[in-house]
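I opened this model to look up a handful of residues and pairings. These are my notes, in the order I took them.

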Amino acid sequence: MPSNKSVSDAPITQFINCRILRDHRLQRYEIQLIHTTGYAEKTEIKLCVCVCVCVCVCVCVCVCVCVCARVCVRVCVCVVREDMWVREGRILDPEKLFFDEQGYADKRVDCEGSIIAPGFIDVQINGGYGIDFSQPSEDVSGGVSFVAKKILEHGVTSFCPTLVTSPPAVYHKVLPQVKVHSGGQHGAGVLGVHLEGPFISLEKKGAHPEQYLRTFQSGGMKDLLEAYGSLDNVAMVTLAPELAGSQSVVRELSQRGITVSLGHSVANLSQAEEAVEHGASFITHLFNAMLPFHHRDPGIVGLLTSDRVPAGRTVYYGMIADGIHTNPAALRIAHRAHPSGLVLVTDAITAMGLPPGRHTLGQQVIEIQGLHAYVAGTTTLCGSIATMDMCVRHFKQASGCSVEEALEAASLHPAQLLGVSHKKGNLDYGSDADVILLDDALNVKATYISGEEVWRKQ
């Protein structure tokens, strides 16, 4: 039966035979026992069994026994399975659809028992497949679009193209060409640019070129705007909070709705806490390019359990769960200390999806040896070649976390970090239908954006 068109003429898609990740729980088949007591019309002993299919797509087996004294006891065994309904790119409330509209599906997608989860969101990705977002060209947007299309097969439906430390001329040429836009058949959506540097620590520069590092010489935002040219379409800025003048920058960026992340820094815990009090809410690749944990001053790492985080605020932290950047024991420590703040990032570079050899990362030459990416001629790590689905699987295996926790670290948590969890990162009614189908080993089988299939494993 076609959908009732009283609300919208748009077709309705029903995803069936799926296990939906909703409310922090992977919904499975459930058995519910329901019993009611009433009065029979006459004294008798009667046994009846009925099978019915309810609108919530549950199968009920009801046993009704009427005994003397005209008392009827009905026991209903209900096996529940919820489907997902989509119209105009958003997830529908089936109760309103059935009872208010009396609507039905125009199209059905058989998920064949797959997990259905929110699409992954990568807030730190420097490029991939031969594309370097920090390299200026006449068609930067074309490069971003190419990567956006390729990462669909890894379950990524939204991302933040990331630029590493570069000279002002690069920012002035690249940033105007990268626009926030929704995803679709053309590729994953862009939620905004992540600017990692150049306002970072010399001592913890990592793979960032020293000659382009900057400080807040003029007092703050003036220096920032001189370097970047514009903050249009910028979603996040990584900086070192110990730099003089940084706290006013943190406050101003936060007031503009730009996420401030702390990283590539030698800040102590007090400096990091001050930045959080001014609005910072993220830590760039925890443990990497920062002071190591010390019991007298844990540095930025101490934010995971700090009692100076303002009430109602959460400090999130990025983890590169590629098996190289972070030892599994450190990964477990972070997760167990602050599970709701963990955000999986790839920190992927140009060489993601390419064979070993020499490539670029911004102004640096890098070399891929196996699964390691180094600044050429050194042992300095410089990003990863991991994909997001690989990170999710490794995180689950290394941390021992649940399937739900692994999936939410790549979807719900980054959405909360960027302030878009009202529409992305979850499968709540009214949210964008950016979803992925996965098998039990968390391999991506298909990717959907706004309820439309954009990639499927062949």
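**Entry 1: Val-156**

I began with Val-156, which is buried at a relative accessible area of 3%. Buried means under 20% relative accessible area, exposed means over 50%, and partly exposed lies in between (1.4 Å probe, protein chains only). This is a predicted model, where local features need pLDDT of at least 70, side-chain atom pairs count only at pLDDT 80 or more, and totals for chains, interfaces and linings use all residues. Residues are numbered from 1 along each chain as its sequence is written, and side-chain values use heavy atoms, with hydrogens and water left out.

I placed Val-156 in strand E13. Strands (E, at least two residues) and helices (H or I, at least four) are DSSP runs, numbered from the N terminus. Which residues does Val-156 touch, not counting those up to four places away in sequence? I found Phe-120, Asp-122, Ile-151, Ala-188 and Met-388. Contact here means heavy atoms within 4.5 Å. I also checked Val-156 against Ile-449: they are 293 residues apart in sequence, yet 9.8 Å apart in space, C-alpha to C-alpha.

**Entry 2: strand E15**

Next I followed E13 (residues 156-164) to E15; the two pair in the parallel sense over three bridges. Strands pair if DSSP finds at least two bridges between them. Leu-163 stands opposite Leu-195 in E15. On the next pairing, E15 and strand E16 (residues 234-239) run parallel, joined by four bridges. There, Glu-196 stands opposite Thr-238 in E16. The chain gets from E15 to E16 through helix H4 (residues 221-228), and this β-α-β crossover is right-handed. That is, with the strands pointing away from the viewer, the path from the first strand over the helix to the second runs clockwise.

Is E15 covered on one face or both? Both: Val-193 and Leu-195 on one side are buried, and so are His-194 and Glu-196 on the other. In a regular strand the side chains alternate between the two faces of the sheet.

**Entry 3: Ser-246**

I looked up Ser-246 in helix H5 (residues 246-255). Ser-246 counts as buried, because its relative accessibility is 1%. Leaving aside neighbours within four places in sequence, Ser-246 contacts Phe-216, Ala-240 and Pro-241.

**Entry 4: salt bridges**

How many salt bridges does the structure hold? I noted 14. A salt bridge is a side-chain nitrogen of Lys or Arg within 4 Å of a carboxyl oxygen of Asp or Glu. Side chains of opposite charge can pair when their charged atoms come close.

I took down Arg-90 and Asp-432, whose side chains meet at 3.8 Å, N to O. Arg-90 is in strand E8 (residues 90-91) and Asp-432 is in the loop between helix H10 (412-418) and strand E24 (435-438), so this pair ties together parts 342 residues apart in sequence. Arg-90 is partly exposed at 45% relative accessibility, whereas Asp-432 is buried at 13%.

Glu-138 and Lys-173 form another salt bridge, with the closest N and O atoms 2.6 Å apart. Glu-138 sits in the loop between strand E12 (131-132) and helix H2 (140-150), and Lys-173 in helix H3 (residues 168-174), 35 residues apart. Glu-138 is exposed at 68%; Lys-173 is partly exposed at 33%.

Lys-424 and Asp-434 also meet in a salt bridge, at 2.8 Å, N to O. Each lies in the loop between H10 and E24, 10 residues apart. Lys-424 is buried at 15% relative accessibility, and Asp-434 is buried at 7%. Shared partners join Arg-90, Lys-424, Asp-432 and Asp-434 into one network of salt bridges.

**Entry 5: cysteines**

I found zero disulfides. The cut-off is a pair of cysteine sulfur atoms within 2.5 Å. Cys-111 is in no disulfide; the nearest cysteine sulfur, that of Cys-18, is 4.4 Å away. Cys-111 is buried at 1% relative accessible area, and Cys-382 is buried at 2%.

**Entry 6: confidence**

Last, I checked pLDDT, the predictor's confidence in each residue, from 0 to 100. The chain mean is 89, and 87% of residues reach 70 or more. Over residues 34-60 the pLDDT is below 50, and this stretch has 70 contacts in the model beyond near neighbours in sequence. Residues 66-70 also stay under 50, with 17 contacts beyond four places in sequence. Where pLDDT is low, the predicted coordinates should not be read in detail.
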